[in-house]
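Take a look at the chain below before reading on.

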Amino acid sequence: MAARLVPVAKFVIKGSLAGAAVYVAYDQGLLGSGTQGAEALKKAQAALPPAIQEWTSYLGWELPPTPKFDFSPSDSWNKGVQSVMSALSVAPARACEYTVEGWKYVKDLVK
């Protein structure tokens, strides 16, 4: 009986951790718009270095200083979306061009 409960307990624990991770990500704004994600990134960049410093001093470790990033996720996200949409908008025309080239190649092989 106990052997059957161990896999169920593992599944419940893993599911609970996954659900908690999704809840925290949603609560912090990581699953929202690009501006909400940028704000969450700024909060994390402000909160993590002091916490890491506290733990390293507690454990007696010495880490190099954290690098400073000037990065906007919303700008990168928008650029990626624009690139994908641009590629999708010309996809039918490109498919026609490649089809014509393919038929010409096949016709030249058959001759």
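**Confidence and layout**

Among the elements of the protein chain, helix H1 (residues 2-27) has the highest mean pLDDT, 89, while helix H2 (residues 34-59) has the lowest, 80. The model is a predicted one, and over the whole protein chain the mean pLDDT is 83, with 92% of the residues at 70 or more. Where pLDDT is low, the predicted coordinates should not be read in detail.

The protein chain contains three helices and zero strands. Read from the N terminus, its elements follow the order α-α-α.

The overall dimensions come next. The C-alpha trace of the protein chain spans about 80 × 55 × 30 Å along its principal axes. The radius of gyration of the protein chain is 26 Å, whereas a compact globule of 111 residues would have one near 13 Å.

How much of the protein chain is buried? Of its 111 residues, 6% count as buried, that is, with under 20% relative accessible area. The accessible surface of the protein chain amounts to about 10000 Å², and carbon and sulfur atoms account for 67% of that surface.

Rolling a probe the size of a water molecule over the atoms shows where empty space is left. The second largest pocket has a volume of about 160 Å³. Eleven residues line this pocket, and those nearest its centre are Ile52, Gln53, Thr56, Leu63 and Pro64. By type, the lining of the second largest pocket is made up of six nonpolar residues, four polar ones and one charged.

Terms used:
Residues are numbered from 1 along each chain as its sequence is written. This is a predicted model: local features need pLDDT of at least 70, side-chain atom pairs count only at pLDDT 80 or more; totals for chains, interfaces and linings use all residues. Side-chain values use heavy atoms; hydrogens and water are left out. On a 1 Å grid over the protein atoms alone, a cavity is a set of points where a 1.4 Å probe fits but cannot get out, and a pocket is an open set with protein on both sides within 12 Å along at least five of seven lines; lining residues have an atom within 4 Å of a point. Grid points are joined across faces, edges and corners, and a volume is the space filled by probe spheres set on the points. Ala, Val, Leu, Ile, Met, Phe, Trp, Tyr, Cys and Pro count as nonpolar, Asp, Glu, Lys and Arg as charged, and the others, Gly among them, as polar. Helices (H or I, at least four residues) and strands (E, at least two) are DSSP runs, numbered from the N terminus. The radius of gyration is taken over C-alpha atoms; the globule rule is 2.2 Å times the number of residues to the power 0.38. Buried means under 20% relative accessible area, exposed over 50%, partly exposed in between (1.4 Å probe, protein chains only). Accessible areas come from the Shrake-Rupley method with a 1.4 Å probe; for residues, only the protein chains shown count as cover. pLDDT is the predictor's confidence in each residue, from 0 to 100.
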